[in-house]
Amino acid sequence: MIKQFNANRARLKRHLRMRSHMEGSQERPRLSVFRSGHHIYAQIIDDTTGQTLAAASSLEETLRSFKPGVKAAPRGEQRTAAGDEAVVETAAEAAPTKGKGAKQAPKAPAKAAQPQKGGKPAAQVKTVLTPAQKGSTKTPVEALAAIADNRKVAVAREVGKLVAQRAKEKGVSRVVFDRGGYAYHGRVAALAEGAREVGLNF
């Protein structure tokens with residue numbers, strides 16, 4: 001029989017592996033995250049006593065009717081009339097190369113590397129390529145900018161802010177982040193960044 005992959009069991013396995021060397025203390029409690037299909041939950045737990053010091057979730061009354069802010073139009077979409085004309089010109093230049101509307105391109109000259117009669121072969125021209133340049137690395141906030149207008153991601157960020165405010169009221173400023181076996185991406189990363197914005201250190 002083929003063994004079926006159970007995503008939740010794999011996540012729990014990852015979580016147990018992480019938890020074996022991560023523990024919340026009184027000085028630095030654990031910020032634990034649970035993500036379901038619709039909601040996200042966060043708790044700040046002191047593992048020495050087993051107490052939850054602060055908690056927040058997307059089920060809170062204040063977050064039920066939360067709507068993300070309107071995103072400004074990207075720079076690429078703010079075109080002027082001259083910019084639109086330039087686009088039309090480049091589209092006309094990029095005519096099809098095959099078929100009915102194809103333009104006949106001038107034929108390239110024959111290769112010059114062929115040996116000539118009674119003499120030396122012509123010198124080959126070497127093409128020098130510039131080295132590839134890496135793009136600048138994005139900060140976690142910049143990486144989340146693309147999905148910031150998604151409602152669930154925006155709510156997760158607000159949950160992070162809410163749990164951080166409640167932790168601050170209890171006198172907690174430093175925590176250990178327990179992502180619960182989830183990838184640090186999307187809603188989990190948004191919750192973490194929201195908590196950092198308020199001033200929680202991890």
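In this predicted model, Lys161 and Glu197 form a salt bridge whose closest N and O atoms are 3.4 Å apart. Lys161 belongs to helix H5 (residues 151–169) and Glu197 to helix H6 (residues 187–198), so the contact ties together parts that are 36 residues apart in sequence. Both partners are partly exposed: Lys161 has a relative accessible area of 22%, and Glu197 one of 44%.

The count of salt bridges comes to eight. Among them is the pair of Asp47 and Arg30, with the closest N and O atoms 2.9 Å apart. Asp47 sits in the loop between strand E2 (40–46) and strand E3 (51–57), while Arg30 is in strand E1 (residues 30–35), so this pair joins parts that are 17 residues apart in sequence. Asp47 is partly exposed, at a relative accessible area of 21%; Arg30, at 7%, counts as buried.

Arg30 also forms a salt bridge with Asp178, where the closest N and O atoms are 2.8 Å apart. Here distant parts of the chain are linked, since Asp178 is in strand E4 (residues 176–178) and Arg30 in strand E1, 148 residues apart. Asp178 is buried, with a relative accessible area of 0%. Together with Arg19, the residues Arg30, Asp47 and Asp178 are linked in a network of salt bridges.

Charge also gathers on the surface. Lys3, Arg9, Lys13, Arg14 and Arg17 make up a patch of positive charge there. Arg17, one of these residues, is found in helix H1 (residues 7–19). Its relative accessible area is 53%, and Arg17 is therefore classed as exposed, the cut-off being over 50%.

Terms used:
Residues are numbered from 1 along each chain as its sequence is written. This is a predicted model: local features need pLDDT of at least 70, side-chain atom pairs count only at pLDDT 80 or more; totals for chains, interfaces and linings use all residues. Side-chain values use heavy atoms; hydrogens and water are left out. Patches are made of residues with over 30% relative accessible area and no salt bridge: like charges are joined within 9 Å, nonpolar side chains (Val, Leu, Ile, Met, Phe, Trp, Tyr) within 5 Å. Accessible areas come from the Shrake-Rupley method with a 1.4 Å probe; for residues, only the protein chains shown count as cover. A salt bridge is a side-chain nitrogen of Lys or Arg within 4 Å of a carboxyl oxygen of Asp or Glu. Lys and Arg count as positive and Asp and Glu as negative; His and the chain ends are not counted. The place of a charge is taken as NZ of Lys, CZ of Arg, CG of Asp or CD of Glu. Helices (H or I, at least four residues) and strands (E, at least two) are DSSP runs, numbered from the N terminus. Buried means under 20% relative accessible area, exposed over 50%, partly exposed in between (1.4 Å probe, protein chains only).
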